[in-house]
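Visitor: Hi, I have a structure open here and I would like to go through it with someone. Could you walk me through it?

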Amino acid sequence: AEKNLLIHKISLYVVEHALAEFAPILHRYNITLSINVNCSDICSDAFRTKLFATLERENIPGNLIMLEITERQNASIDDLKNAIVSYKASGVRFALDDFGTGYSNLNWLSLLDVEEIKIDKSLIDCIGTGNESSVNPVLSGLIEMLKNMPKLVVFEGVENEKQYRFLMKNFPGCSAQGWYFSKPLNFDEIYSLIAR
């Protein structure tokens with residue numbers, strides 16, 4: 001989509017339909033809807049206009065929305081900082097997604113006003129494979145660095161109990177997501193899960 005210059009149209013479609021579909025759940029429960037977006041979308045007037053118009057139409061408070069941006073994309077830090085400020089005025093929150101891949105620009109950790117840092121699953125894949133001695137040394141260093149950051153750290157792609165227990169032992173304040181907790185669900189399954 002990025003190569004064929006279709007990513008912006010896809011992003012506009014996704015944000016409008018995700019918000020419209022999940023509006024009833026967001027109105028009833030105090031949860032956050034996270035939407036993956038491209039860095040250039042964050043800086044786009046068309047995207048910002050579509051997001052805010054849809055939030056207003058569906059009567060959704062901005063603080064129930066988290067936009068997940070990936071640091072794989074090379075973007076101007078100043079443009080991103082300015083764009084994030086414009087969204088935060090309406091309560092929209094941000095996560096730095098897939099951290100540990102791509103550019104892994106440490107500046108993003110300190111310079112961007114994000115609420116969450118999401119660690120890419122590739123850094124924990126070796127945990128639980130029976131080869132515990134091969135735990136990625138980058139992961140150990142990353143855990144020590146992130147423990148002192150005033151942001152929520154979420155490990156992505158947790159697929160088994162060994163991975164979960166490793167994270168809880170080595171980083172008790174972190175959160176985790178992945179198939180260990182739930183497979184991807186369709187809308188009706190999500191609604192049933194939340195309504196329990």
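Visitor: Let's begin with the cysteines, then: how far is the sulfur of Cys174 from the closest cysteine sulfur?

Guide: That closest sulfur belongs to Cys126 and lies 15 Å away, which is too far for a bond. Please keep in mind throughout our chat that this is a predicted model.

Visitor: And how many disulfides does a search of the whole structure find?

Guide: The search finds zero disulfides. A disulfide is a covalent bond between the sulfur atoms of two cysteines. To be counted here, the two sulfur atoms would have to be within 2.5 Å, and because the sulfur of Cys126 is 15 Å from its closest cysteine sulfur, in Cys174, that pair is too far for a bond.

Visitor: Are those two buried or exposed?

Guide: Cys174 counts as buried, with a relative accessibility of 8%, and Cys126 counts as buried too, at 18%. The cut-off for buried is under 20% relative accessible area, so the 18% of Cys126 still falls in that class.

Visitor: OK, new topic. Where is Met66?

Guide: Met66 sits in strand 2, which covers residues 65-70. Its relative accessible area is 1%, so Met66 is buried.

Visitor: What does Met66 touch, leaving out residues up to four places away in sequence?

Guide: Its contacts include Thr32, Leu33, Ser34 and Ile35, and also Arg93, Phe94 and Ala95. Glu115 and Glu116 are among the residues that Met66 touches as well.

Visitor: How far apart are Met66 and Glu115, in sequence and in space?

Guide: Along the sequence they are 49 residues apart, while in space their C-alpha atoms are 8.9 Å apart.

Visitor: What about Lys118, is that one buried or exposed?

Guide: Lys118, which belongs to strand 4 (residues 116-119), counts as buried, because its relative accessibility is 4%.

Visitor: Which side chain does Lys118 meet in a polar contact?

Guide: The side chain of Lys118 is joined to that of Gln177 by a polar contact of 2.8 Å. Beyond Gln177, the residues that Lys118 touches include Glu68, Val154 and Glu156, together with Ala95, Leu96, Asp97, Asp98 and Phe99.

Visitor: You mentioned Asp98. What is its phi?

Guide: Asp98 has a positive phi of about 55°, although Asp98 is not a glycine. Asp98 is placed in strand 3 (residues 93-99), and with a relative accessible area of 12% this residue is buried.

Visitor: And what is the phi of Asn59, and where does that residue lie?

Guide: The phi of Asn59 is near 55°, again a positive value in a residue other than glycine. Asn59 lies in the loop between helix 3 and strand 2, and at 60% relative accessibility Asn59 counts as exposed.

Visitor: Now charges. How many salt bridges are there?

Guide: The count comes to twelve salt bridges. Side chains of opposite charge can pair when their charged atoms come close.

Visitor: How do the side chains of Lys50 and Glu16 meet?

Guide: They meet in a salt bridge, with a distance of 3.3 Å from N to O. This pair links distant parts of the chain, since Lys50 is in helix 3 (residues 45-57) and Glu16 is in helix 1, 34 residues apart. Lys50 is partly exposed, with a relative accessible area of 28%, and Glu16 is partly exposed as well, at 21%.

Visitor: Last one: which residues form a nonpolar patch on the surface?

Guide: Leu6, Ile10, Tyr13 and Val14 form that patch, and together they have about 350 Å² of accessible area. Ile10 is found in helix 1 (residues 7-28), and at 40% relative accessibility Ile10 counts as partly exposed.

Notes
Residues numbered from 1 in each chain as written. Predicted model: local features only at pLDDT ≥ 70, side-chain atom pairs only at ≥ 80, totals over all residues. Heavy atoms only, no water. Helix = DSSP H or I, 4+ residues; strand = E, 2+ residues; numbered from the N terminus. Buried < 20%, exposed > 50% of the residue type's maximum accessible area, 1.4 Å probe, protein only. Contact = heavy atoms within 4.5 Å. Polar contact = N/O pair within 3.5 Å; in protein donor to acceptor, adjacent residues only side chain to side chain. Patch = residues over 30% accessible without salt bridge, like charges linked within 9 Å, V, L, I, M, F, W, Y side chains within 5 Å. Areas by Shrake-Rupley, 256 points an atom, 1.4 Å probe, with all protein chains shown as cover. Salt bridge = Lys/Arg side-chain N within 4 Å of Asp/Glu carboxyl O.
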